[in-house]
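I opened this notebook to record what I looked up in the structure shown below.

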Amino acid sequence: MSHYHIERMEHDYEINDVEDDMEEEFHRKGMGYSESDDDEYIHINGGITDTSSTQARKGKDIQGIPWDRLSITRAKYRQTRLEQYKNYENVTNSGDASAKGCKPTEKGRIYYEFWRNTRSAKSTILHFQVVYLLSNYSVLHWSALTRQQSEVLDVSGHVAPSEKHPGNLQEGFSQTQVSTMAVKDKILVAGGFQGELIFKYLDRPGISFCSRTTYEDNAITNAVEIYDTSSGAVHFMASNNDCGVRDYDMEKFQLSRQFCFPWPVNHSSLSPDGKLLVVVGDNPEGIMADSHSGKTIHDLQGHQDYSFASAWNPDGRTFATGNQDKTCRVWDVRNLSKSVSVLRANLGAIRSIRFTSDGQFMAMAEPADFVHIFDVKSGYEQQQELDFFGEISGMSFSPDTEALFIGVWDRTYGSLLQYKRCRNLSYLDFLV
């Protein structure tokens, strides 16, 4: 079974003062001095219940926020967030250059409907039926069926490989700060802030492989991608702040290829056929490169700031890049002179992009509050906008396209939001 994951993403923006005011209001209401407020006290202090689709249809807020008890309405708070949110920028543009060429989209479509908000899972990595998340220094998995979690990997102490391989760093690591993770076919790869890489088979005890990409100060591992080569061998690719992209052969447990680019690499994506590599990072222009040689095939021009996300459509012809200029650009490999679509965000940078396995939908996540789902077949002219509150730790579709998971990180309302694909089979709700 294929797996899918939600990346851990760094958020370079300031939380608005109104959010602290709102949280203070939550706690003030929850810490009331009468017995009538006991339920809300429990709600704020760890007894917060999940929200089901049935409850949401009856009017309950999907995140369990008690708007009726607050001095601000949801609509007013949303308006304030839109007006005061500060999007971090590395490149100063004159005017709103990033908005030029943005494709007008029709909002209001419903492709995925709310199914459940789970408060016990604050996720960063997911795969079908099981959620992988990072909690402090512990990698946990949470079952969507049993709603229970267990520890997979503890990196708070010393971690060392239990197997001997030529490329293994046998001394291992201590107190690894995980910056990104990937999960696929019973394999977990975790990358760290000091260039650490940890490879583990989920169905085996111990760690199989440890490596450090570099000993340079600017060594953070920004992204990892696990893939199968045309020969069936398992590889993973790591993108790092030291301007490098490295490919590791997990059959031989060693570095097989290494490419160096002119700027720190925030994300890279391999095409479905394994021949092309999209590379984006701390530069307005991205790169389309040959995945075997690392040589640039074409520059990707159009973004106005640094890019943090990329993803391929399963059709292998189109791909998308997400940028700090608050846009997602869609490209066609048959003509890379310019992007074919420019899609606009509401608040900030596009930090994550995912296509469904059938290529029908593409989702893009902002740093907080919004995930946009586009109908690819409509030419990205129709979209569904998911609206909530809190930082987005990541998102992912299930391999069968039937579910969309969104990790929300918030001091009070952090949770896992689950949506299910609309199939016009609502009568089945009565059987659940």
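What volume does the second largest cavity have? I read about 50 Å³ for this cavity in the predicted model. I noted that the model is predicted, that local features need pLDDT of at least 70 and side-chain atom pairs 80 or more, while totals for chains, interfaces and linings use all residues. Residues are numbered from 1 along each chain as its sequence is written, and side-chain values use heavy atoms, without hydrogens and water.

Entry on cavities. I took a cavity as a set of points, on a 1 Å grid over the protein atoms alone, where a 1.4 Å probe fits but cannot get out; lining residues have an atom within 4 Å of a point. The count comes to 2 cavities of 30 Å³ or more. By class, its lining has 4 nonpolar, 6 polar and 1 charged residues, with Gly counted as polar. Strand E19 (283–290) supplies at least two lining residues, as does strand E18 (276–281); the largest share, 4 residues, comes from E19.

Entry on the sheet. I looked up an open sheet of 4 antiparallel strands in the order E21-E22-E23-E24. Strands are DSSP runs (E, at least two residues), and two of them pair if DSSP finds at least two bridges between them. E21 (307–312) and E24 (341–344) are the edge strands with a single partner each, so one side of each has no neighbour in the sheet. Strand E23 (327–332) pairs with E24 over 4 bridges; Cys328 has Leu343 in E24 as its bridge partner.

Note on methods
On a 1 Å grid over the protein atoms alone, a cavity is a set of points where a 1.4 Å probe fits but cannot get out, and a pocket is an open set with protein on both sides within 12 Å along at least five of seven lines; lining residues have an atom within 4 Å of a point. Grid points are joined across faces, edges and corners, and a volume is the space filled by probe spheres set on the points.
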